[in-house]
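Here is a friendly tour of one structure. Keep the sequence and the 3D view open as you read.

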Amino acid sequence: MHFRVALCDDSPEDIVTLSNQITKYGKKYDIHFDIEHFDSGAALVQTHHKNPFNIIFLDIEMPMQSGITTARHLRNTGNDDVFIIFVTSYPEYMRDSFEVQPFQFITKPVNTSVISKLFASIMHKYTKSHTSRVILDDQGTGRVTAINDILYIKTSNSDNSMLEYALTKYSFTGKGILQTWENELTPSGFFSPRRGYLVNIRHVVSFTKTQVNMSNGESIPVSRRRYTQLQRLFANRIIRSLN
């Protein structure tokens with residue numbers, strides 16, 4: 001299992017301590033944490049826009065831009081799935097943090113017990129919401145991904161053993177069988193417009209008899225025999241959005 005984690009704190013010592021605690025937890029439970037460090041909220045937000053994090057630890061008291069202001073910018077990206085954890089030496093800030101929907105609020109110094117309980121809660125929530133998430137292979141590493149973030153999946157070689165996963169913020173290649181994903185994701189609004197492709201109908205903005213236009217600007221070919229089914233699925237999606 002793979003999670004992108006951001007640590008944002010103007011104290012290098014606190015970042016090292018927290019990073020070591022998270023890495024230790026990951027080794028114990030066989031979870032891979034890809035950890036990035038930031039000493040400013042602005043740098044964190046910029047990186048998150050390009051490649052979103054799953055879990056973010058924010059120090060509340062930072063120069064230039066507070067943790068709460070940073071969290072507000074993060075929430076404004078529209079990614080409500082990210083876990084934001086505030087880390088501070090001043091518990092009195094807790095009330096001010098509620099508006100940005102933090103997952104938890106922990107105080108310094110952070111120890112092994114606190115991290116264990118925190119990540120147990122995070123993993124429980126991921127497991128509980130497994131129907132809206134899948135694990136995609138990213139060069140041998142399982143990447144936890146929200147189904148709504150998948151634009152399309154397509155085969156990438158002649159033997160169909162490798163797939164290209166196009167997500168809202170980035171893309172990657174990994175092992176997989178397209179038919180397996182079609183069986184699993186069709187109930188969640190995915191559709192195969194032609195052999196070798198599986199698209200998320202939520203990200204279809206328009207279509208013609210020959211192509212589907214996706215929300216990222218890409219176009220995917222449509223076979224003649226699947227056009228009628230595409231019309232029906234797209235119409236149903238529009239109707240649901242109006243209700």
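## Ground rules

Helices (H or I, at least four residues) and strands (E, at least two) are DSSP runs, numbered from the N terminus. This is a predicted model, where local features need pLDDT of at least 70, side-chain atom pairs count only at pLDDT 80 or more, and totals for chains, interfaces and linings use all residues. Residues are numbered from 1 along each chain as its sequence is written, and side-chain values use heavy atoms, with hydrogens and water left out.

## Helix H1

Let's start with helix H1, residues 12–29.

Which residues of H1 are buried? They are Ile-15, Leu-18, Ser-19, Gln-21, Ile-22, Tyr-25 and Gly-26 (buried means under 20% relative accessible area, exposed over 50%, partly exposed in between, with a 1.4 Å probe and protein chains only). Looking down the axis of H1, the buried residues fall within an arc of 160°, so they line one face of the helix; the arc is taken from the directions from the helix axis to the C-beta atoms. Pro-12, Glu-13, Lys-24, Lys-27 and Lys-28 are exposed on the other side of H1.

## The sheet

Now for an open sheet: five strands in the order E10-E9-E8-E12-E11, with antiparallel pairing (two strands pair if DSSP finds at least two bridges between them). E10 (171–175) and E11 (190–191) are the edge strands, each pairing on one side only. E11 joins E12 (residues 197–200) in the antiparallel sense over two bridges, and Phe-191 stands opposite Val-199 in E12.

Methods
Expected span 1.5 Å × (residues − 1).
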